[in-house]
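Me: I'd like to go through this one and ask what the labels rest on. Can you take me through it?

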Amino acid sequence: VLCIAPVECITLANSFAHAAAIAVSISCLTAPMSSLQDSCTLCFLGAESHQYGKIRLWGAIGWGLGSLAGGSIVEFLGIQYAFHLFGLTMLSVAATVFSLDFASIEMASEASRRNAPGGAASGDGSGDPFWRSVRRLIPGWSYLFFLFVAVVAGFGATSLQSLLLMFLSDLGAPDILEGLMLSVATVSELPVFFYSGSVIKKYGAASLLCASMAAFTVRAILVSFLRNPWMVLPLQLLHGFTFAGCWTAGVALAKENSPPGLETSGQSIFTMAYNGVGGLAGSIVGGQLYDVVGPRHMYRIKGLVFAVTLLLYLLTLADWSRLRKKTAYESVS
């Protein structure tokens with residue numbers, strides 16, 4: 001609800017300083033929303049947390065419908081009315097949130113703590129010093145590398161969204177293509193979100209994350225060869241894997257590695273890695289590469305980064321102790 005005020009002030013900004021202050025205010029107010037939503041959703045789902053994607057897909061539907069409604073309002077009524085729509089939507093969301101039974105979330109959290117190794121004695125982490133909580137949230141180097149993968153994914157998502165629009169504009173794309181791109185991208189998310197639970201349950205969240213990084217690699221390389229801007233539409237179908245697959249897998253891995261009582265903090269670290277560090281790096285580094293080496297080489301460089309990151313992540317997933325034992329056994333035999 002607090003976001004409504006700065007959003008309403010966007011059209012009143014008459015200098016870069018005013019626009020920057022509004023942007024910072026909106027970012028600070030909205031930053032915790034994603035982590036809190038994901039954490040609450042996972043708690044409501046309980047043992048069915050792998051079905052998170054079937055809930056998250058409604059966010060994709062809302063984003064698509066909101067884009068369509070917002071664009072229509074801007075065209076026929078003016079941009080200020082689109083921000084009025086945001087305010088009305090946030091008020092309706094707040095009313096819905098107040099109607100939820102958060103007591104059940106507390107009960108689920110308490111049950112999770114009791115069932116955790118060590119039971120209630122393991123604690124919820126609320127009284128731990130900050131750095132001890134961080135150590136509990138990042139249990140080992142393999143999980144730390146997962147966060148690095150999230151940073152790289154966020155790094156790539158920026159170039160395949162905002163910078164892609166610039167590239168298509170340079171290719172002479174008409175304005176209508178931008179709307180069609182977003183529509184295709186939104187539609188591509190729906191099946192991935194819907195079936196992600198089955199994939200995670202059968203193959204694991206790490207496998208879905210690897211598939212997402214492979215899709216990042218292929219998509220970046222293919223975009224670098226675009227000549228006809230309309231050919232971007234079939235490539236947008238990969239957005240389902242590069243965003244929906246990556247996000248769902250990241251949420252699942254963050255939950256799996258978060259100690260009881262620190263679930264929301266675990267989601268916050270993942271969100272910070274993907275949207276914060278990765279998004280910021282993608283905007284700054286990607287923008288510099290775009291200007292210095294050009295968009296085609298930028299996408300090829302990023303494709304190489306995705307491929308190397310995927311290979312390194314696969315190495316962290318390997319059971320090296322088992323492989324060493326197998327090698328030793330075969331050499332003795």
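Reply: Helices H8 and H14 cross in a left-handed way. This is a predicted model, where local features need pLDDT of at least 70, side-chain atom pairs count only at pLDDT 80 or more, and totals for chains, interfaces and linings use all residues. Residues are numbered from 1 along each chain as its sequence is written, and side-chain values use heavy atoms, with hydrogens and water left out.

Me: What makes H8 and H14 a contact?

Reply: Contact means heavy atoms within 4.5 Å. Leu163, Leu164 and Phe167 of H8 meet Pro295, Arg296, Met298 and Tyr299 of H14. The two helices pack at about 145 degrees, with their axes 11 Å apart; axes are lines fitted to C-alpha atoms over the stretch in contact, and angles run from 0 to 180 degrees between N-to-C directions.

Me: Why is Ser188 called buried?

Reply: Buried means under 20% relative accessible area, with a 1.4 Å probe and protein chains only. Ser188 has 7%, so the label buried applies. Ser188 is in helix H9 (residues 175-203).

Me: What makes the pair of Ser188 and Gly240 a polar contact?

Reply: A polar contact needs a pair of N or O atoms within 3.5 Å, one able to donate a hydrogen and the other to accept it; residues adjacent in sequence count only if both atoms are side-chain atoms. The backbone nitrogen of Gly240 lies 3.0 Å from a polar side-chain atom of Ser188, and the backbone oxygen of Gln236 lies 3.5 Å from such an atom of Ser188.

Key
Helices (H or I, at least four residues) and strands (E, at least two) are DSSP runs, numbered from the N terminus. A crossing is left-handed if the near helix is turned anticlockwise from the far one by less than a right angle, and right-handed if clockwise. Buried means under 20% relative accessible area, exposed over 50%, partly exposed in between (1.4 Å probe, protein chains only).
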